[in-house]
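Welcome! Open your viewer and get ready to select a few pieces, one stop after another.

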Number of protein chains: 4
Amino acid sequence: MTNPIKVGIVGATGYTGVELLRLLAAHPNVDVTAVTSRGEAGVAVADYFPSLRGVYDLVFQKPEDAALDQCDVVFFATPHAVAMKDVPALLEKGVRVIDLSADYRLKDIPTWEKWYGTTHTSPKAVADAVYGLCEMNHDAIKEARLVAVPGCYPTCVSLPLLPLLKEGRLKENYPLIADCKSGVSGAGRKGNIGSLFCEAGDNFKAYGVGGHRHLPEIRQTINGLQSNIADSFIFVPHLTPMIRGMHATIYLHLKPDTDPHDILSRFYKNSPFVDVMPSGSAPETRSVRGANLCRISVQRAPEQDVWIVLSVIDNLVKGAAGQAVQNMNIMFGFDEQAGLGCVPLLP
Amino acid sequence: MTNPIKVGIVGATGYTGVELLRLLAAHPNVDVTAVTSRGEAGVAVADYFPSLRGVYDLVFQKPEDAALDQCDVVFFATPHAVAMKDVPALLEKGVRVIDLSADYRLKDIPTWEKWYGTTHTSPKAVADAVYGLCEMNHDAIKEARLVAVPGCYPTCVSLPLLPLLKEGRLKENYPLIADCKSGVSGAGRKGNIGSLFCEAGDNFKAYGVGGHRHLPEIRQTINGLQSNIADSFIFVPHLTPMIRGMHATIYLHLKPDTDPHDILSRFYKNSPFVDVMPSGSAPETRSVRGANLCRISVQRAPEQDVWIVLSVIDNLVKGAAGQAVQNMNIMFGFDEQAGLGCVPLLP
Amino acid sequence: MTNPIKVGIVGATGYTGVELLRLLAAHPNVDVTAVTSRGEAGVAVADYFPSLRGVYDLVFQKPEDAALDQCDVVFFATPHAVAMKDVPALLEKGVRVIDLSADYRLKDIPTWEKWYGTTHTSPKAVADAVYGLCEMNHDAIKEARLVAVPGCYPTCVSLPLLPLLKEGRLKENYPLIADCKSGVSGAGRKGNIGSLFCEAGDNFKAYGVGGHRHLPEIRQTINGLQSNIADSFIFVPHLTPMIRGMHATIYLHLKPDTDPHDILSRFYKNSPFVDVMPSGSAPETRSVRGANLCRISVQRAPEQDVWIVLSVIDNLVKGAAGQAVQNMNIMFGFDEQAGLGCVPLLP
Amino acid sequence: MTNPIKVGIVGATGYTGVELLRLLAAHPNVDVTAVTSRGEAGVAVADYFPSLRGVYDLVFQKPEDAALDQCDVVFFATPHAVAMKDVPALLEKGVRVIDLSADYRLKDIPTWEKWYGTTHTSPKAVADAVYGLCEMNHDAIKEARLVAVPGCYPTCVSLPLLPLLKEGRLKENYPLIADCKSGVSGAGRKGNIGSLFCEAGDNFKAYGVGGHRHLPEIRQTINGLQSNIADSFIFVPHLTPMIRGMHATIYLHLKPDTDPHDILSRFYKNSPFVDVMPSGSAPETRSVRGANLCRISVQRAPEQDVWIVLSVIDNLVKGAAGQAVQNMNIMFGFDEQAGLGCVPLLP
């Protein structure tokens, strides 16, 4: 076996950070050599996350003190508008970057600036970034120096739509609705009131109905696959009282003589990370808990010309850290499943 | 003050039964005189439900031993196909009946028999039963001898649609979608695996996508209000890991120049049990926890000709026991809010 | 009926504040005239807490803008070290004060200063304050101008011990252990990481094993009732993934020929707020959810000379806002149960 | 690498069964060849547990149809009183057995019969069975033909006590109290009312205070290590609203000049499955979620001569399936950590 690559993680105290640490611990080809956190610099990873006691012998460092430029690849698990400042310098030094934040997801800079409310400081890198939806951009990811890992909602919604859009099977001028439900970890590990146990627990609500940052991201993906569909896309996210998990219920209209189950099954036949379930089944979020999987089922609405597509992921794995590792595997020519063998934890 | 009426509850060990007991304990005009349970006959209510210690001094009886015919009104909080056997005899003796089960909700007997999988044994009573959606059938309820309390999903979906359908504002031939999410108490207090803490907890899933018993019930209501709409109605229920609460996300197309917020606000202006919230808001289920309330908000999908209506209820209160008490209040000429003053419990 | 009294609430955006608002809404003798919040001044209560839409027509004010001195009584639902600054001026103006914070609970100023880490600014008021454990200090509360509402743990632990200590039945020199478990709302409505849904959910842990602020408070109560016991008192609090509720498991040694069930039953025979359950039963926290109740059961450890006492409260009601209202009722000569009639919400 | 051994699982539809399947899927030395279930015979494992789609290509069989006697080892994940009927025949055929049920845990047959309420049908096998607390009986397990996997509570309580008892450090005639809290999965995957989401959720209670089947099991372990201590052992289990996880809070008295942290640290220095944490820390259950780990911390009660020991496990892993696999590894001379490398899932 060859030497493991050196991996750095910027912003490793959040949920996607600790999930990266969990997954990379089981990865045969990597050595995590630097983890950064402004707030926790000097603290041992194993003290901060007791779940990692005995697994890592690393200490959080300030980003400027960490030898990130000695890494083969650096993951950014930071809030938006952090990576865009530090990525160009790393790229110049030949370090590859996998950004889990939103900074390089949108190709259109004004759109990004509108939705994220700030000026983009490295627009050039945006042009070179590859959108890391692995099942869509596999070949481009192989050559990528910078990957923008898709958001959780975009992953959950785009994977089932991808084969249908690619074959141009959606009807134009009909609404395409994604009614999505997310676990609370999607809101990150920040002390905001709305994420408290006593606020999010035993409660259910929609949010961002008037506009959510993942809307333009999904539209960009749709637009790249079939024209005249993205404008009809409607997206309503909801917060559901669970820790991990995301569920999309998608209502769509298909052109006549389309068999969506067949199209999806063929497209994902050899995919280890997308599971097209039998017709009539309904995937539950826990069936992918902890795993880099998207499970999808398709059925026709009773007596209607509308199709209902159900899609589930673990928002922290296939919707974030797992997909990031999958991207790394593709970029470095590793077995695509390396480090991603975790069987879902049930119950 | 006049004498309180005598109230009986059949099947009082389930969640709607114990919720009726909670609400009726605070009701100034009633005296619960009989509670029945086949399984727990002989057990004191306060021993079975310690939350009611000091509140009730009653013992569960077998239905045949309870003096139900001495009651002024009897609530049936039973599984389907129980009430239809016992109700006719009670009606004949002049006892009024409020049925929380599904037995008298559907006017079309073959439809009922198809969805509930058994022969209806008192079809005549069906014809006389009033569908107890109070905000729709207020006058008929006043005179009713038998009320069929609507199901929880039908209540949550019908209340926001009612004013729009009544004014004929929905566009024909467009999908009308209700993506609904229910807390686990909606499944009842039965030992089925799917309702276990370790199955329903930290999990989210759709169910009944291919057909749910509340679908024909909602269609019947739609049909009675605006024609040519019910056939386009799509209903997908989901199970969400909370105890109480139900959330409907409704996607609808309206005729030009329709202001749904205005229509709903006017319709429910004087209603103590339906709260139309300001535009742009999103109701959360806990804002009605324990209360006989439906909160609704309306907004347009960004850049689309589709409206999104959000509606929440406590499935055990406005979706069951609370609405049952509201029906009783109307039937007996009590203050409609009697016994229903509970301020929502938050957090 | 006489005119309602005027009530003010300082710090009404926390969990004890909103719980006070819920309880006082149903109180026949009060009129809430002022609610304060530094952070939310200018916001309507009904906008901030949609659960209170239609219930209150009040706007949060800065404390200095609110006419607190026009109130008959002011509740402080603030973090510690706030009330002690503002209370003396209110008392001087003849306003009675019920403080839900810790500022006036400990009679010994150095002890308070040690545990709360700051200088006490109104030690004189401490001397006049009555410790508001209603079942212990009923008569003193009647005359009180300032009541210090007990902490949640002290309430849950002291109520079952009170009758036994009062009769001097505990054995000296034996450990007296209170292993306590609290729902997350006990940590307040603050954005601290440990209270997040994804941190506190699906998790259980002890905390404060090396010392918790409620330890000296419970010791003070014990000391006032039976000597030579407080020093043997051990207190270990735990955080449990539920919203409301507190459970104490108390291990104690009693002098020979003591029947603790009999002593508790006699002591609380006429108490509407303390329920001594039959021997052998085990109270569950949800049996008091939303209600101003403490339920207690007692049993002997199998084959041992150790007694196990189980005690549950809703930490926000009998452990905070409900007990505060009970104190108010006693202070103003109202029916002690006024506003406290809520039947526990189950499930 | 040598050929994998053949493994059978009896009663594989419960929580310990599906957890065994999860762990064994990642085990390099085993091939699961038979899984049985009376109720689900004929159903594919991957259909019954969608979390295992793509992982297993097995069908549940009736026990009598499964070629269990062709297995090298058979796990029993059954309710009590099942294994004792089928185990002797398997042992005779040279099949080794690892029983996760209670049938072979208690050496004293009358005690077993008293607590489990039935006659033991294979008392001879009891004599040969090795109690599979790996950290205590490592050498005996190597040679065992039949292992009785300890219960979850006994594992969580015994591991921290083991080094102290072994060195005879507990004081006689002082109470030894284990106040334990379990997640709901400990109650199994059965449709009993008490395990429903709406019963166990948002709720906390003690149970089995008057006697729990794990009491004699723990006493047996204590008795085997230090005399005159078991009779003072008190055990109170509680149910806490989480899926996985178990927490023991143990109160004990030690002989003078005992440093329990030092004793535990030395004893478990080289153990991969027991983590003695720094003094002053408090382990949380989620820090071991999904992992075969017990984390322990020790501290002295403030100003007292009582020690507080905190211990956490995942009840389904170190408390059941994980410990069962660890036993198998020891029995068959595999790497003791094989299949048990799962890093805890946090959050």
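Start with strand β10 of chain B, residues 246-252: seven of its seven residues are buried, so the strand is largely enclosed by the rest of the structure. Here buried means under 20% relative accessible area (1.4 Å probe, protein chains only), and strands are DSSP runs of E with at least two residues, numbered from the N terminus. The model is predicted: local features need pLDDT of at least 70, side-chain atom pairs count only at pLDDT 80 or more, and totals for chains, interfaces and linings use all residues. Residues are numbered from 1 along each chain as its sequence is written, chains are lettered from A and ligands numbered from 1 in the order written, and side-chain values use heavy atoms, leaving out hydrogens and water.

In a regular strand, side chains alternate between the two faces of the sheet. Show the side chains of β10(B): B:Met246, B:Ala248, B:Ile250 and B:Leu252 lie on one side, with B:His247, B:Thr249 and B:Tyr251 on the other.

Strand β7 of chain B (residues 176-182) runs antiparallel to β10(B), joined by six bridges; look for B:Ala178 opposite B:Ile250. Strand β13 of chain B (residues 307-313) also pairs with β10(B) in the antiparallel sense, over seven bridges, and B:Tyr251 stands opposite B:Ile308 there. Strands pair if DSSP finds at least two bridges between them.

Definitions and conventions. Buried means under 20% relative accessible area, exposed over 50%, partly exposed in between (1.4 Å probe, protein chains only). Helices (H or I, at least four residues) and strands (E, at least two) are DSSP runs, numbered from the N terminus.
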